[in-house]
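Hello,

Here is the structure I said I would pass on. My notes on what I found follow it.

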Amino acid sequence: WHKKSEKATEHESRHYHQAALEKADNFKRAVEHPDNTLPARMDTRRAENIRRNRDIVKSVAEAVLSCGRQCIALRGDKEDLKADSNPGNFLALLKLLSKRDETLRQHLESPALRNATYVSGDIQNEIITVMGQHILLQGIVDEIKEAEYYSILADEVTSHNTEHLALCARFVDRNNDIREEFLAFIKLDRITGEQ
């Protein structure tokens with residue numbers, strides 16, 4: 001014990017002791033200020049990126065929906081925002097929306113990722129599918145459930161050697177109007193009625 005101060009001084013100068021002190025300080029700072037830690041900053045950045053992407057997709061979906069409600073084509077001669085020719089109604093509408101939406105304007109001018117522009121024909125088709133199958137169809141199904149009278153119409157159709165079953169519903173809506181609505185095409189494996 002008579003050399004304890006020498007041993008303690010020697011121990012303090014060792015690299016493993018200095019590393020342990022640094023780790024202890026970092027841990028103390030992380031506990032006292034958790035917002036400054038790397039995972040917290042990454043989560044904040046990730047949340048901001050998700051919010052930004054949702055705003056962009058919302059604007060894109062609004063443009064697709066607007067074109068659909070007006071019964072106008074989405075695509076044009078040359079689908080390029082920078083081209084002088086007709087970019088199509090969809091891209092022209094996005095250009096117009098971007099004049100009031102800074103996030104959309106920045107995205108259209110220089111997207112964060114080249115493969116995530118959200119303006120391709122495939123994305124337009126996916127948005128139409130989501131709106132049709134999940135939003136509009138659900139509204140029709142809800143109306144049919146409320147209806148006092150309804151019937152299901154089914155008809156088998158052959159197209160390109162593939163059998164499909166067309167399903168429609170006929171019902172009396174809340175205004176006492178008789179309506180017929182298309183529900184779905186169902187691809188059939190066989191039409192014999194056997195399993």
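Cys71 is exposed, because its relative accessible area of 71% is over the 50% cut-off. Please keep in mind that this is a predicted model.

Cys71 sits in the loop that links helix H3 (38-69) to H4. Its phi is positive, about 55°, although Cys71 is not a glycine. Tyr118 also has a positive phi, near 65°, and is likewise a residue other than glycine. Tyr118 belongs to the loop between H5 and H6. If you check backbone angles, these are the two loop positions I would point you to.

Helix H1 against helix H2

What is the angle between H1 and H2? Helix H1 (residues 4-13) packs on helix H2 (residues 15-32) at about 70°, and the axes are 5 Å apart. H1 is therefore roughly perpendicular to H2, since angles of 65 to 115 degrees count as such. On the H1 side the contact is made by His11, Glu12 and Ser13, and on the H2 side by His15, Tyr16, His17 and Gln18. Sorted by class, the contact of H1 with H2 has five polar residues, one nonpolar and one charged.

Helix H4 against helix H5

The second pair is H4 (residues 89-98) and H5 (residues 102-109), whose axes come within 8 Å and cross at roughly 130°. An angle of that size makes H4 and H5 oblique to each other. From H4, Leu94, Leu97 and Ser98 take part in the contact, and they meet Leu104, Arg105 and Leu108 of H5. Four of the residues in the contact of H4 with H5 are nonpolar, one is polar and one is charged.

Helix H6

Helix H6 covers residues 121-146, which is 26 residues. At 1.5 Å a residue H6 should span 38 Å, and its end C-alpha atoms are 36 Å apart, so the two values agree. H6 does bend, by about 30°, at Leu137. Which residues of H6 are buried? They are Gly121, Gln124, Ile127, Met131, Ile140 and Ile144. As background, an α-helix has 3.6 residues a turn, so residues three or four places apart point the same way.

Ile140 is one of the buried residues of H6. Its relative accessible area is 14%, so Ile140 falls under the 20% cut-off for buried. Leaving out neighbours within four places in sequence, Ile140 is in contact with Glu181, Phe182 and Leu183. Ile140 and Leu183 are 43 residues apart in sequence, while their C-alpha atoms are 8.3 Å apart in space.

Ala147 is in the loop between H6 and strand S1 (150-159). Is Ala147 buried or exposed? With a relative accessible area of 11%, Ala147 is buried. Not counting residues up to four places away in sequence, Ala147 touches Phe171 and Val172. The C-alpha atoms of Ala147 and Val172 are 5.9 Å apart, and the two residues are 25 residues apart in sequence.

Regards

Notes:
Residues numbered from 1 in each chain as written. Predicted model: local features only at pLDDT ≥ 70, side-chain atom pairs only at ≥ 80, totals over all residues. Heavy atoms only, no water. Axes fitted to C-alpha atoms, helices over the stretch in contact; angles between N-to-C directions. Helix = DSSP H or I, 4+ residues; strand = E, 2+ residues; numbered from the N terminus. Parallel < 35°, antiparallel > 145°, perpendicular 65-115°, else oblique. Contact = heavy atoms within 4.5 Å. Nonpolar A, V, L, I, M, F, W, Y, C, P; charged D, E, K, R; others polar. Expected span 1.5 Å × (residues − 1). Bend = angle between axes of the 7 residues up to and from the residue. Buried < 20%, exposed > 50% of the residue type's maximum accessible area, 1.4 Å probe, protein only.
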